[in-house]
Amino acid sequence: MSDTLSFDSNNSGKNGKHGSKYQNAEPDDKNKNWLEGIFRKYYFYHYSQLELGELINEHEFGFRLFDGKIRRHLAFNDKKELYAYIIKFSPSDIFYSSSRYQSPTAEIDQKGWIGSDLIFDIDGKDLHLECAQSHNLVLCKDCSFISKGIISKCVGCNSTRLQIIDIPCARCIKSLNVEVKKLVEILDDDFGIDSECIFVYFSGNNGYHVHVVDKNFYNASAKKRNAFAQYLMGKGYLIESLGIRRNNEGVLIPMSNKILYNQGWRRRIFDSIHLPIQNHKIDDKFVKKYNRMQDANNNNIQDIINTHILDLSAKIDPNVTMDIHRIFRLSGSINSKSGLIKAFCKDLDSFNPFVDACFIGDSNVEIESKLNIKISLKGKQFSIKPGKNTLPEYVAAYMICKGIGDIQNQT
Amino acid sequence: MVRFGNKDLAKYPFLKEAFSYITKYDFKLEDLDSKDYLHLIDKAAEKIENYLFFGRFEYQINYSKTHETIVQEEVIIFLISLLLIKSISIDVVTKKFALMESMRFEKYLISDLNTADRDDKTIKLILYKIFEDLFSTKILLEVDVYNFYKIRINDYLDHPIAFQEKEWNLINRTLHNGFVYLDGSEIVRLFRNELYLLIIDRIKKMSITRIPDTIMAISKSIKSRWEQIHHSINAPVSNAVTPPCIQHIYDQISKGENLPHPARLLLGTFLIYSNKTLEEMLELFKRLPDFDEKITRYQLEHLAGKRGNSKRYFVPSCEKIKLENLCYETRICQGISNPTQLIRKKSGI
Ligand SMILES: [Zn+2]
Ligand SMILES: [Zn+2]
């Protein structure tokens with residue numbers, strides 16, 4: 001998970017996996033220096049994009065700098081102080097705690113937790129989309145060769161130390177939207193959370209963060225948050241909850257005398273498998289249809305139900321939801337994995353991250369591409385050839401962030 | 001303040017309202033020395049003996065009196081019971097008593113909830129009173145939907161059972177609009193643990209300068225009878241390596257704690273694997289506060305595959321044990337995937 005930082009991501013040990021690719025860079029690394037300048041320029045002109053609440057001094061801040069170092073447990077009295085810090089250090093990534101603390105700069109167990117919004121993270125990587133296989137790239141960590149598609153060994157040197165570079169497409173975003181909608185629907189129907197309290201953000205790369213601002217859940221412990229996550233993922237659902245039990249011979253029997261209030265997961269599953277339940281009770285019609293279904297599926301109703309649950313559940317990362325001390329990418333800040341910003345989606349259907357989250361300037365620069373690739377940003381298509389290309393800054397920034405291009409000497 | 005005008009209060013002697021029935025007559029503990037109370041002391045003693053030595057709660061409230069007297073007597077019997085348990089002062093006994101007593105109250109609640117006319121305001125008042133005052137949880141009645149009760153999701157998760165038993169996990173509950181929906185028996189079951197803790201708490205907080213002689217004599221006799229039956233506990237696995245998860249269960253039993261269902265399953269299958277006889281296993285399960293010999297015997301035989309055409313159950317894997325929150329992994333567990341491997345490991349098989 002790299003759009004957030006968990007408590008133990010303080011050390012550099014994890015950086016090999018998630019960290020900045022500039023951590024081993026020479027101080028005069030051209031890409032690093034250029035990008036640092038571009039980011040600084042963005043923060044200088046678009047500072048108002050940063051979404052900061054009223055009680056900024058009660059939140060913990062964290063930064064990843066272009067040299068790969070992580071600074072955590074920082075706090076600022078006001079927006080001016082934060083602004084000065086950002087302009088001075090031009091961080092590659094800015095993180096902010098969803099939790100409020102009495103002393104945000106203290107060690108984790110000394111911070112004095114006040115409460116936190118509920119946060120859900122949906123990551124494109126976890127959806128295992130088919131299209132991703134065709135457009136994602138793989139970088140060899142040993143010889144730096146970049147291949148297309150999914151491979152298990154480097155074509156150049158046979159190394160297995162590979163890193164996926166995700167280049168999400170419009171279809172990826174559509175699939176993510178579907179997941180967000182499922183999540184929002186369960187939150188609304190089952191948890192009674194008003195849609196006005198649900199805020200959806202594009203993570204800046206290949207995912208969404210959903211923030212729930214609701215005082216009913218603000219003080220919920222990590223344990224409770226984990227129960228929420230398990231619920232949303234449909235984990236551990238028992239078929240008995242559908243009013244069906246297994247007898248000694250393993251035959252499934254509907255419990256016809258129990259009143260089953262047809263809401264929550266029960267309603268969702270019954271709707272999805274088209275089993276009618278009238279007046280919250282299992283009647284003869286239900287049993288008939290149920291038996292037919294059971295016969296047709298070799299008694300494997302449990303498998304069927306599991307498939308439906310998988311389809312209906314929200315693909316969230318439970319660790320993010322339950323970790324109350326995690327810091328999240330600040331809305332309005334640039335994601336160094338793409339050069340796009342984490343952006344609030346007022347209307348998910350009309351939101352286009354490749355347009356609405358792209359804020360880098362458009363003066364032309366020279367960039368050396370490592371491969372042949374099509375990129376669509378700010379509503380324009382760019383067909384990039386290996387070697388030298390003249391492209392707008394926002395395309396160049398995207399390529400450098402993805403590690404597929406090198407900036408050329410500026411004149 | 002809620003006014004209960006009828007005998008239903010006799011079933012819930014732990015409520016403040018019930019207690020007021022005796023305080024208004026200026027009842028004092030010293031009064032228990034008087035012969036007038038002997039029949040109530042006997043009734044309390046009999047109840048406790050049934051709980052402790054037979055695992056039964058065959059208790060009858062005597063309804064053949066005026067409403068006022070019925071409530072007074074039940075409150076006094078409840079007080080005497082607490083006094084007896086306090087003076088026996090054995091942790092395991094206190095826990096066993098609290099569990100049995102809470103199960104008795106639970107039974108009343110379930111039957112009140114399921115059989116009472118829903119327009120009966122008194123029953124509803126008692127319920128809301130218990131839930132709000134004693135457990136600070138607000139329950140609401142959803143009249144539009146088959147008289148289901150509902151409780152806020154956040155409040156629901158304050159009850160440990162929501163995490164202990166799969167069926168009670170949030171995922172297996174009916175959620176709608178921010179509430180968890182429960183029927184009468186479910187909502188009462190949810191509070192069993194709290195009721196239990198409340199009784200323990202009442203016993204602990206009792207401060208008494210002098211226990212009446214009649215009560216002292218009975219408590220001494222119950223105590224010595226208990227001690228004769230229960231000598232100190234030894235783990236029945238003779239092998240030097242007891243898997244930490246199993247050891248933890250032994251420790252819980254020693255402390256007189258009740259075991260959640262998955263822990264019983266783990267212990268049962270493990271003992272069967274270790275070739276313990278049914279009698280040896282019963283000896284251990286006997287120490288559980290809610291022990292019922294018939295049921296336990298049946299369950300163990302079922303696990304061993306000796307019942308009907310049931311198949312033998314195997315000791316759950318470490319992974320499963322972890323999921324059930326029963327794993328207490330130590331260094332000796334390295335590289336194993338099932339606790340039984342520890343036994344084989346040490347004995348060199
Ligand atoms: Zn290679
Ligand atoms: Zn795609």
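**Close-up 1. A:Cys172 and the zinc ion (ligand 2) in a predicted model.** A:Cys172 is buried, at 3% relative accessible area (buried is under 20%, exposed over 50%, partly exposed in between, with a 1.4 Å probe and protein chains only). Donors here are N, O and S atoms within 2.8 Å of the metal (3.2 Å for Na, K and Ca); water is not among the atoms, so sites may look incomplete.

**Close-up 2. Geometry around the zinc ion (ligand 2).** The four donor atoms subtend angles of 100 to 118°, so the arrangement is tetrahedral (four donors, all angles between 85 and 135 degrees). Along the chain, the donors are spaced as C-x3-H-x33-C-x2-C.

**Close-up 3. A:Asn158, a non-glycine with positive phi.** Phi sits at about 65°. A:Asn158 lies in the chain A loop between strands S9 (146–148) and S10 (162–165); strands are DSSP runs of E, at least two residues, numbered from the N terminus. With a relative accessible area of 53%, A:Asn158 is exposed.

**Close-up 4. A:Lys378, also not a glycine, has a positive phi.** Here phi is near 50°. The loop holding A:Lys378 runs between strand S18 (373–377) and strand S19 (380–384) of chain A. A:Lys378 is partly exposed, at 29% relative accessibility.

**Notes.** Residues count from 1 along each chain as its sequence is written, while chains are lettered from A and ligands numbered from 1 in the order written. Local features need pLDDT of at least 70, side-chain atom pairs count only at pLDDT 80 or more, and totals for chains, interfaces and linings use all residues; side-chain values use heavy atoms, leaving out hydrogens and water.

How values were computed: Helices (H or I, at least four residues) and strands (E, at least two) are DSSP runs, numbered from the N terminus. Four donors count as tetrahedral if all angles lie between 85 and 135 degrees; four count as square planar and six as octahedral if opposite donors are over 155 degrees apart and all others between 65 and 115; anything else is irregular.
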